[in-house]
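The sequence and the structure are shown first.

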Amino acid sequence: MAHVKASVIREMGADEIRARVAELREEMLHLQFRNTMKQLDNPLKIRESRREMARLITVLKEKERAAGPKA
């Protein structure tokens, strides 16, 4: 997936974000393995995936903090 803006991520629900983070973790595992075996065409995909995951986790934490005091 290409660069995803934080504004688009903020429109997603918490469950959607968690699902995407799980997908990215699995994808990262495969990318790192393929990179180790020198079969990865574009090693920058690892960086892009890591940054997208960081964005997703950041927005998820923001949502959890916003919902926390109400409970």
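E64 forms a salt bridge with R18, and the closest N and O atoms of the pair are 3.3 Å apart; a salt bridge here is a side-chain nitrogen of Lys or Arg within 4 Å of a carboxyl oxygen of Asp or Glu. The two residues belong to distant parts of the chain: E64 sits in helix α3 (residues 44-67) and R18 in helix α2 (residues 14-36), 46 residues apart. Helices (H or I, at least four residues) and strands (E, at least two) are DSSP runs, numbered from the N terminus.

The model is predicted; local features need pLDDT of at least 70 and side-chain atom pairs count only at pLDDT 80 or more, whereas totals for chains, interfaces and linings use all residues. Residues are numbered from 1 along each chain as its sequence is written, and side-chain values use heavy atoms, with hydrogens and water left out.

**Salt bridges**

The structure holds 5 salt bridges. Side chains of opposite charge can pair when their charged atoms come close.

| Pair | Distance, N to O |
|---|---|
| E64 and R18 | 3.3 Å |
| E23 and R20 | 3.0 Å |
| E52 and R20 | 3.2 Å |

E52 lies in helix α3 and R20 in helix α2, so this pair ties together parts that are 32 residues apart in sequence. Salt bridges that share partners also join D15, R18 and E64 into one network. By contrast, E23 and R20 are 3 residues apart in helix α2, a separation of about one helical turn.

E23 is partly exposed with a relative accessible area of 46%, whereas R20 is buried at 13%. Both E52 and R20 are buried.

**Helix α3**

Helix α3 has 24 residues and reaches 35 Å from its first C-alpha to its last, close to the 34 Å expected at 1.5 Å a residue; the expected span is 1.5 Å times one less than the number of residues. Its buried residues are I46, S49, E52, M53, L56, V59 and L60. They pack against α1 (6-11) and α2, contact meaning heavy atoms within 4.5 Å.

E48 also lies in helix α3 and, at 45% relative accessibility, counts as partly exposed. The C-alpha atoms of E48 and V4 are separated by 9.8 Å, although the two residues are 44 residues apart along the chain.

**Overall form**

The protein has 3 helices and 0 strands, and its pattern along the sequence is α-α-α. Its C-alpha atoms fill a box of roughly 50 × 20 × 15 Å along the principal axes. The radius of gyration is 14 Å, while a compact globule of 71 residues would have one near 11 Å; the value is taken over C-alpha atoms, and the globule rule is 2.2 Å times the number of residues to the power 0.38.

Buried residues make up 23% of the 71 residues. Among contacts between residues at least 6 apart in sequence, 67% join residues at least 24 apart.

Definitions and conventions: Buried < 20%, exposed > 50% of the residue type's maximum accessible area, 1.4 Å probe, protein only.
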